[in-house]
Amino acid sequence: MTRTASELAHLFRALKAPAAARALPALADRAREEGWSYERFAEALLGTEVSARDSHGGEGRIKAARFPARKTLEEFDFTFQRSVKKTVVEHLGQLDFLHARSNIIALGPPGTGKTHLAIAISIRACLAGQRVQFATATQWVARLSEAKRQGTLEAELKRLSFIPLIVVDEIGYIPFDPEAANLMFSLVSNRYERASMIVTSNKPFSKWGEIFGDDMAATAMIDRLIHHSEILSLKGDSYRLRGKDLDTRIGAKPVEIT
Ligand code: ADP
Ligand code: MG
């Protein structure tokens, strides 16, 4: 190794910039061949390190978000799910809603892709440098109720308000007791116009009174959630059952769905 090369290796280590170190030989050759300016070269070298760090951080944020599965917008089949427009969802994936601190509400029967879309949009946020936290409504309530028990609810809500996006999945699968309904309302109120949420539910808003055990509480909650929001109403059959009708067409016994 020449003296310059070993000095450079030392400097890259000191800067903790391994991606730039790896890219240097090829970039330097290319710069000489193509007669780059010093500035152009500096930009290419530093840019390599920055994007390596960004994508690395993205993976870290995806892990920290605790998604139950990994889903992407590219995998979502808009020809199967025709009740949402691809352009609308793609636009949400550009994350303007996040910068505007508004919400996304995905409503629809089980299996129509609510959680898939919630995760896919959230992953875009992670890759764009935003922190995300995913949990089901039940898990959020458990977490907040534990904080309340320990007298740290305010602190917990404040901490959460610094996370730009939280996903509350599956509102309505289990009805809330009054304490749970209160905690959910605190969470929504605390984030109002401050940070975004993606909320999914298998129940239309008209049924939220039953979930929260109180029409007034449900209305207050819905008001806050939808004031700045995009609502995706998913319709149709469960994606899990796609193609099952083919069986009936070829004369097989129809699949019983209970
Ligand atoms: P929901 O949350 O509405 O109950 P999910 O998002 O969990 O439904 O979808 C159920 C399964 O079907 C998941 O594995 C999801 O990735 C897949 N899925 C649902 N809709 C689509 C779609 N339109 N394109 C591709 N996969 C889909
Ligand atoms: Mg779901």
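Visitor: What should I know before I look?

Guide: The model is predicted, so local features need pLDDT of at least 70, side-chain atom pairs count only at pLDDT 80 or more, and totals for chains, interfaces and linings use all residues. Residues are numbered from 1 along each chain as its sequence is written, chains are lettered from A and ligands numbered from 1 in the order in which they are written, and side-chain values use heavy atoms, without hydrogens and water.

Visitor: How is a pair of aromatic rings described?

Guide: By the distance of the centres and the angle of the planes. Rings of Phe, Tyr and Trp (its six-membered ring) pair if their centres lie within 6.5 Å; planes under 30 degrees apart are stacked, over 60 edge-to-face, and the rest tilted. Here that rule gives six aromatic pairs. Phe205 and Trp208 make an edge-to-face pair, 5.0 Å centre to centre with 70° between the planes.

Visitor: Why is the pair of Trp208 and Phe212 tilted?

Guide: Their planes meet at 45°, with the centres 5.9 Å apart, so the pair is tilted. Phe176, Phe205, Trp208 and Phe212 form one aromatic cluster.

Visitor: Are Trp208 and Phe205 buried or partly exposed?

Guide: Buried means under 20% relative accessible area, exposed over 50%, and partly exposed in between (1.4 Å probe, protein chains only). Trp208 is buried at 0%, and Phe212 is buried at 5%, while Phe205 is partly exposed at 22%.
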